[in-house]
Amino acid sequence: MNTNEPNHHAIYVPQASSRRGFLRSSIAAGTGLALSNASNAFAAPGDQIKIGLIGCGGRGSGAASQALSSGNYNFKLWAMGDAHQDRLDSAVNNLSEKHKDQVDVGDRKFVGLDAYEKVISQCDLVILATPPGFRPYHFEAAVNAGKNVFMEKPVAADAPGVRKVIEMAKVADAKGLHVVAGLQRRYQNCYREALKQVKENGIIGEIVSGQVYWNSAGVWVKDREEGQTELQYQLRNWYYFNWLCGDHINEQHIHNIDVANWFIGANPVSAQGMGGRQVRTGKEFGEIYDHHYVEYTYPNGVRVNSQCRHQKGCENPVREEFAGTKGILYLDNGGRCYANDYKGNTIWRYRAEGADRKDPDPYQVEHNELQDAILNGKKINNAYYAADSTMTAILGRFASYSGKTVMWDAALNSAIQLMPNKVTWETVPPSKPDEKGFYPIAIPGVTKVV
Ligand SMILES: NC(=O)c1ccc[n+]([C@@H]2O[C@H](COP(=O)([O-])OP(=O)(O)OC[C@H]3O[C@@H](n4cnc5c(N)ncnc54)[C@H](O)[C@@H]3O)[C@@H](O)[C@H]2O)c1
């Protein structure tokens, strides 16, 4: 998280023409007006750009804070929504304290599973940071309403959700909306520079294979509370239910899988793999695996091996590497990015600029570049690659759950929908516990995935 306090004297006032362009296209898109008919929609100079936060948990609060730390003081946090009152309240308190001049939510604080509709209706730019299962529906609502979007990864938990995001990405383009997705390695200088070295300078030659890793000890578990419905329990423990999360290969490992797609410049054509629950077997861990090992095949036979693990006491690499015809590129988000030739000589090493030799925080850069695009009419739409990388992670889950080779096309076109079209507090969750409280676990060789 960026800890730089904004400089309150350096108020950034965008060029009137570019801001008009943004407001004009955003308002025209929302109302369905043709741009040429929207001339009355111009805003007076000094108007605020209103940010709405949907999903006020850890990352949503972080993203909102970054959106308010860009130095563009005409961006205000204007409305907030969360399924849960306690999460909303703590985010309102924290953000108001940290950014008191830019938080102006008044009574635009909404609680419930329909809170997103109310937030979207009030704002120009929305931050979507709920559990990923909801993302396609929230993205659809935001784009249909003509709003610019920052959305966290992953952008879906199932293939129908991915298809919805791709469909709405096209609508966003047609409406001239701006969309950034929270795959922050794409906004980190060491990765950007490494990509340039690979593509423009050919430092490792052609990529022929790769390894990507996200191994860790795992994440939080929330206790079941007395009187909670099954839906309330699963929403609080969304990480462990596929309709909400898509398994940790989707929720965390997507970052490294996305780097593979980005550096190779393609999506995989197929995947095969293995996985299971070795250590984390209790009912409190819902239905997700604690490890996956997937072999992705890209066009021209390029292979990427992917591993992700949630097991305590093991080695925890989180990084990527790519072998080319001339050498190997090593990447990690701590900035230790370099390439060696096959004699072990280092042929390139990333060095951050600046006195502290640190990259700018990529979480902050995402918002700086989104706001720059909005203010200056630049095109930005990350929804396509975010959808592709989400689908790649889901393809990996399909491979490890089924124990079979799964083709990209079959996976993307899968009709198996985990996330209900609409979720209300009366919805019966699609993942159901047995009489002892255990959830069904995918069994390789038996489970049908596409
Ligand atoms: N880019 C990154 O490095 C990064 C890091 C952490 C999390 N994330 C992503 O951010 C998203 C949120 O993760 P988090 O760690 O903040 O989780 P979290 O549990 O802290 O926050 C999620 C919030 O969404 C709320 N919520 C649930 N369903 C909702 C709904 N239908 N409408 C409105 N609010 C709803 C919850 O009450 C909660 O406050 C996830 O997609 C996660 O993968 C990204």
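The shell around the ligand comprises 11 nonpolar, nine polar and six charged residues. The structure is a predicted model. Its chain contains 13 helices and 15 strands, and 46% of its 450 residues count as buried. Among contacts between residues at least 6 apart in sequence, 75% join residues at least 24 apart.

**Ligand shell**

- The residues around the ligand number 26, and those that come nearest are G55, G57, R59, R87 and E152.
- At least two residues of the shell are supplied by each of α2 (58–67), β2 (75–82) and α4 (115–122).
- The element that gives the most to the shell is α2, which contributes three residues.

**Six-stranded open sheet**

- Six strands form an open sheet with parallel pairing, in the order β3-β2-β1-β4-β5-β6.
- The edges of this sheet are β3 (109–111) and β6 (179–181), each of which pairs on one side only.
- On average, neighbouring strands of the sheet are turned by 15 degrees against each other, direction ignored.
- The parallel strands β2 and β3 are joined by three bridges, and G81 stands opposite F110 in β3.
- Helix α4 packs on the sheet, where it touches β1 (49–54), β2, β3 and β4 (125–128). The direction of α4 makes about 165 degrees with that of β2.

- In helix α7 (residues 189–199), the buried residues are C190, Y191, A194 and V198. These residues lie on the same side of α7 because they cover an arc of only 95 degrees around the axis.
- An α-helix has 3.6 residues a turn, so residues three or four places apart point the same way.
- K196 and K199 are exposed on the other side of α7.
- The cover over the buried residues of α7 includes α10 and β12.
- Helix α10 (residues 254–264) is itself mostly covered, with 10 of its 11 residues buried. The buried residues of α10 include the charged residue D258 as well as H255, N256 and N261; also among them are I254, I257, V259, A260, F263 and I264.
- After α10 comes G265, which has a positive phi near 80 degrees.

- Strand β12 (residues 327–331) runs antiparallel to strand β13 (residues 338–341), and four bridges join the two. Within this pairing, G327 has D341 of β13 as its bridge partner.
- The hairpin of β12 and β13 has six residues between the strands, and G335 in this hairpin takes a positive phi near 95 degrees.
- Strand β13 is also joined by three bridges to strand β14 (residues 346–349), again in an antiparallel arrangement. Here N340 has T346 of β14 as its bridge partner.
- Four residues lie between β13 and β14 in their hairpin, and G344 in the turn has a positive phi of about 90 degrees.

Key
Residues are numbered from 1 along each chain as its sequence is written. This is a predicted model: local features need pLDDT of at least 70, side-chain atom pairs count only at pLDDT 80 or more; totals for chains, interfaces and linings use all residues. Two strands pair if DSSP finds at least two bridges between them. A residue is near a molecule or strand if its C-beta atom, placed from the backbone, lies within 6 Å of it. A residue is buried if 20 or more other C-beta atoms lie within 10 Å of its own, exposed if 12 or fewer, and partly exposed in between; C-beta atoms are placed from the backbone. Two residues are in contact if their C-beta atoms, placed from the backbone, lie within 7 Å. The arc is that of the directions from the helix axis to the C-beta atoms. Axes are lines fitted to C-alpha atoms, for helices over the stretch in contact, and angles run from 0 to 180 degrees between N-to-C directions.
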